[in-house]
Amino acid sequence: MKLIPLSAAIAIAGAFSAALVPSSAPGFCGLYVAKADTKLFNKASQVVIARQNNATVLTMVNDYQGEPKDFALVVPVPTFLEREQIHVTERKVIDHLDAYTSPRLVEYFDEDPCARRDYPRSMPPGIAMSAAPKAKDAERTKSLGVTIEATYTVGEYDILILSAKESDGLETWLTENGYKIPPGASEVIGSYLKQKMRFFVAKVNLGEQTKRGTQSLRPLQIAFESPKFMLPIRLGTVNADGPQELFVYTLTQRGRVEAANYRTVKLPSDLEIPVYVKAEFGAFYKAMFSQQVKKEDMRVVFQEYAWDMGWCDPCAAEPLSSAELRDLGVFWQDGNAGARGRPTPGGGQNVFVTRLHVRYDRAHFPEDLVFQETGDRTNFQGRYILRHPWVGTADCDAVREYRKTLLSRQRQEARTLANLTGWELEQINAKMEIAALETRVESDGSEKWWRKLWGQR
């Protein structure tokens, strides 16, 4: 079995790789034009966590592109899992959540300066694993101190729940069963065993996969109770060939979620940037995020979105319905069910969504991610503003004053873009054609010969 890159095979960022291998935002009156979803990032892992008290539902999205027979997933879990605690769901509900929470681009249009009225306006600030080992392997498994506590088939996956006495024994068992163990894994495995954690192992059941008639693998879900509100990312860094991308979406009742053992920082937001970025929003967002990671020395978790699921402003996508939220593990909405026990349509109630984005490696994130739910329900979104200049032909004193203001504004937009992304200011100015506007403003300020002709001023 070949060694599969972690980011291509795991769904819970940092879980064992496949082969071991400020204040409320102002009201919005502009036009939403684009979003920056996770598809901008190659091999990005996504995890959805629905949590209330100690009850947790993890949805792990598989970004695996290889042969189904080569897929495997190993995840440390804090407790034994029964068959009813494991489920598969459809990717479309996670795609909807991603779209709803994505940083977005919005635009406004300047009015005709000559027709403008003075009134206040708001500024936008391998071969499939058998479900059970062969009889002749049972004694070998026992001799290694490994216990296969349960075997299940769930959808297109064969699932094993493993426990072990020693990391070396588990390492040997995984190797003998077709997993390539990267150097350095033993120490990390041992730390999870000391915490009495078990291992959730999933491989594709090729027969069930053939029945589905598709190569895509559906997200896996596990439900359990544990006081630990965390994601085990350390195993995922053992054989990584560079920093990894992780998106965590949390669904809670009280409010915003943040990292408890790393700083959580809001992504820069509500900033005006040049209009040309509309055609380059994906490149802008990736450059901007990379620049923020660099400024923080890759040691923080970024908050990209925090909002009550019942509404949005602006909406990059409609809020998730009660049925979609229940599919993702939001079990506390039972009171919203209709007369026949079916969830009512529309956005979910008593659900607060937080979107966190982290780029990490072993050196900068030596600990697993630990989270805490806050009581903060302040709304926040990554939002970037385009303000289109007026381009009419009217002529009045207000037009000349408008051009001066526009020049100052566009110079600031250029500086903002350079600071956010690290792009060269000169190149930004050239794309914005600021030199042409400067010439126009200078022309407006020069004394016109005809104004003296008949004593006019």
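How many bridges join strand E8 to strand E9, and in which sense do the two strands run? Six bridges join strand E8 (residues 157-164) to strand E9 (residues 198-204), and the two run antiparallel.

This is a predicted model, in which local features need pLDDT of at least 70 and side-chain atom pairs count only at pLDDT 80 or more, while totals for chains, interfaces and linings use all residues. Residues are numbered from 1 along each chain as its sequence is written, and side-chain values use heavy atoms, with hydrogens and water left out.

Strands here are DSSP runs of E with at least two residues, numbered from the N terminus, and two of them pair if DSSP finds at least two bridges between them. Four strands, in the order E4-E9-E8-E7, form an open sheet with antiparallel pairing. Its edge strands, each pairing on one side only, are E4 (72-77) and E7 (146-154).

Strand E9 also pairs with strand E4, again in the antiparallel sense and over six bridges. Some of the bridge partners found in E9 are set out below.

| Residue | Bridge partner in E9 |
|---|---|
| Val 75 | Phe 200 |
| Asp 158 | Lys 203 |
| Leu 162 | Phe 199 |

Six of the seven residues of E9 are buried, so this strand is largely enclosed by the rest of the structure; buried means under 20% relative accessible area, computed with a 1.4 Å probe on protein chains only.

Methods
Buried < 20%, exposed > 50% of the residue type's maximum accessible area, 1.4 Å probe, protein only.
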